[in-house]
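Please examine the model displayed here.

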Amino acid sequence: MINLDPLWLTAKLALITTIILLVVSIPLCYWLCYSRFRLKAVIEALISLPLVLPPSVLGFYLLIAFSPENAFGKFLADYFDIRLVFTFEGLILASVLYSLPFMVNPILSGLKNLPPVLQEASFTLGKSRVTTITKILIPNIRASLFTGIIMTFAHTLGEFGVVLMVGGSIPEETKVVSIAIYEEVEAMNYQNANIYAGILFVFSFSILLAVHLIHNKHRKTTLY
Amino acid sequence: MIQIAIYKMLQTANGELPLDISLTIEKGQFVSIYGNSGAGKTTILRVLSGLTKAEMASIKVGEVKWDDTKKKFHLPIQKRSIGFVFQDFALFPNLTVKENLEFALSKNDSKEIVSELIELMELQSLQNSKPQNLSGGQKQRVALARAIVRKPEILLLDEPLSALDDEMRSKLQDYILQIHQKYNLTTLMVSHSLSEIFKLSDKVIVVDKGKIVKEGIPETVFSEQKVSSKFQLTGEIINITKSDIVYVVQVSSGNNIIKVIATEEELDQYKVGQKVLVASKAFNPIIQILNKLT
């Protein structure tokens with residue numbers, strides 16, 4: 001029988017990553033959509049970088065940054081007693097950065113598709129920015145939010161390169177399903193690898209199928 | 001009294017154009033702003049409402065300052081007592097008609113005003129519908145009602161009726177007039193339609209290339225000398241035909257087509273598409289060309 005720990009760990013990682021990204025992305029996307037900051041394009045490019053960069057590159061930089069040997073890692077270790085290399089916390093932070101575009105892009109495209117006059121109308125009715133975001137903007141981009149949540153969750157499930165670099169393979173700490181599959185194959189346990197891979201395949205497929213079914217009903221926002 | 005002075009560079013299709021206007025509006029007046037596209041009409045409403053910041057703006061409503069760029073003062077949009085009706089309605093798609101109106105309420109406001117407006121605008125049967133299921137005229141009524149919920153001092157209408165057919169237009173003009181009077185509003189309306197301006201406004205401001213070129217009551221602004229007459233209508237020449245020895249000029253005004261006889265000499269000045277005033281002194285209707293504004 002296979003060990004279920006990697007499955008739980010993967011689900012936990014994906015869930016936490018999705019929640020953090022949802023909270024972070026809404027204000028970030030609002031800012032990206034409405035601000036006239038000159039260097040906005042630079043920030044947008046940085047956010048999209050994980051889409052094109054090999055995960056090992058991102059993982060490598062994060063490993064360097066998190067290392068207690070270097071300034072950022074040392075600062076965290078000295079002042080907060082936090083270690084991010086080969087820990088679940090480090091994995092979360094890496095996943096958040098790695099999956100950022102999968103949450104930001106659908107929400108941003110949803111916001112950009114809303115007529116700016118909706119926000120202006122809300123302001124002329126005496127409503128604050130926060131009320132406008134929560135009562136008007138968010139309810140009108142529900143389909144985009146849903147896409148962002150599902151895509152982030154599914155994408156985090158499938159992470160490999162970044163996890164391997166930053167997390168390694170510590171059972172119940174950083175050994176997620178994709179790593180487990182890799183190790184089973186290395187050890188020639190094809191049967192176990194098959195089970196893990198099959199579960200991940202069926203699960204990811206079902207999620208994407210659901211997204212596309214729902215998306216075809218709305219046809220309002222772009223998927224990726 | 002509302003005192004407005006605005007200076008702002010506009011980015012137009014033909015390069016930069018300075019909008020430089022100052023005007024005074026009496027409380028309770030219905031003022032129309034007329035002019036070509038890109039003349040800066042909408043910008044005046046936007047600066048007044050606080051949606052757009054101008055390089056130089058000094059706006060005083062009664063004793064309250066709304067904008068004073070010299071002292072770097074800018075009252076936030078939310079604190080200005082305005083109702084803004086946008087050209088494309090800007091109804092919130094996620095809310096029903098009634099919810100759209102209720103959204104405008106402040107925390108402790110009574111919901112009475114919402115029911116009152118729903119009744120006044122005859123929206124009872126539509127109050128639980130979503131905006132996407134409404135016709136243009138219905139949407140406009142909702143937008144108008146929503147702008148009044150906060151009982152603003154100033155109502156700003158940005159070409160509110162441009163998307164509607166003539167019949168709907170005339171009906172909505174009545175609604176606008178009714179609301180303007182009932183809630184003691186000072187109303188500023190951007191409009192392209194002369195008949196609308198004549199019907200609704202006490203005062204018209206003609207804006208061209210960022211400047212006010214004329215202001216006053218519509219009759220004097222749009223016709224060179226006031227015609228003393230029994231009735232007068234504004235309209236547009238739609239056809240000129242010869243009938244025996246005289247010519248028949250057809251003028252469209254609102255839903256009517258008025259036929260007026262003209263002689264050959266008079267005909268030289270008329271052409272199809274021209275905006276004209278049709279007036280009658282006792283028996284004979286006369287046509288007078290409205291000032292060229294462009």
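**Contact, helices and sheets**

In this predicted model, 14 residues of chain A are in contact with 16 residues of chain B, two residues being in contact if their C-beta atoms, placed from the backbone, lie within 7 Å. On the side of chain A that touches chain B, α6 (116-124) and α7 (129-140) of chain A each supply at least two residues. The largest share, 6 residues, comes from α6(A). By class, the residues on this side of chain A are 7 nonpolar, 4 polar and 3 charged. Here Ala, Val, Leu, Ile, Met, Phe, Trp, Tyr, Cys and Pro count as nonpolar, Asp, Glu, Lys and Arg as charged, and the others, Gly among them, as polar. Helices (H or I, at least four residues) and strands (E, at least two) are DSSP runs, numbered from the N terminus.

Residues are numbered from 1 along each chain as its sequence is written, while chains are lettered from A and ligands numbered from 1 in the order in which they are written. As the model is predicted, local features need pLDDT of at least 70 and side-chain atom pairs count only at pLDDT 80 or more, whereas totals for chains, interfaces and linings use all residues.

Chain A carries annotations from UniProt. An unreviewed entry there places the feature "domain: ABC transmembrane type-1" at residues 7-211 of chain A. UniProt positions are given in the numbering used here, feature names are shortened, and annotations may be inferred rather than shown by experiment. In the model, the span of residues 7-211 of chain A is 80% helix and 0% strand, and its end C-alpha atoms lie 22 Å apart. The UniProt annotation "transmembrane region", also from an unreviewed entry, covers residues 13-33, 45-64, 84-104, 145-166 and 195-214 of chain A. Among these, residues 45-64 of chain A are 90% helix and 0% strand, with end C-alpha atoms 22 Å apart. Residues 195-214 of chain A are 100% helix and 0% strand, and their end C-alpha atoms are 29 Å apart.

Two helix pairs in chain A share helix α5(A). Two packed helices are described by the angle between their axes and the distance between the axes. Helix α5 (residues 88-113) and helix α8 (residues 142-157) of chain A pack at an angle of about 160°, their axes being 8 Å apart. Axes are lines fitted to C-alpha atoms, for helices over the stretch in contact, and angles run from 0 to 180 degrees between N-to-C directions. That angle makes α5(A) roughly antiparallel to α8(A). Angles under 35 degrees count as roughly parallel, over 145 as roughly antiparallel, 65 to 115 as roughly perpendicular and the rest as oblique. The residues in the contact of α5(A) with α8(A) comprise 6 nonpolar, 10 polar and no charged. Among the residues that meet there are A:Ser95, A:Ser99 and A:Gly110 in α5(A), and A:Gly148, A:Thr152 and A:His155 in α8(A).

Helix α1 (residues 5-34) of chain A packs with α5(A) at an angle of about 45°, with axes 7 Å apart. α1(A) and α5(A) are therefore oblique to each other. Their contact has 20 nonpolar, 4 polar and 1 charged residues.

Chain B contains open sheets. Strands of a sheet pair through backbone hydrogen bonds, either parallel or antiparallel. In one open sheet of chain B, 5 strands follow the order β2-β1-β4-β5-β6 with antiparallel pairing, where two strands pair if DSSP finds at least two bridges between them. Its edge strands are β2 (15-25) and β6 (73-74) of chain B, each pairing on one side only. Strand β1 (residues 2-12) of chain B is joined to β2(B) by 11 bridges, and B:Ile4 stands opposite B:Leu23 in β2(B). Helix α1 (residues 41-49) of chain B lies across β1, β2 and β4 (56-61) of chain B, running at about 125° to β1(B).

Another open sheet of chain B has 6 strands in the order β7-β8-β9-β3-β10-β11, with mixed pairing. At its edges are β7 (82-85) and β11 (211-216) of chain B, each of which pairs on one side only. Neighbouring strands of this sheet are turned by 15° against each other on average, direction ignored. Within it, 4 bridges join the parallel strands β3 (residues 30-35) and β9 (residues 186-190) of chain B.
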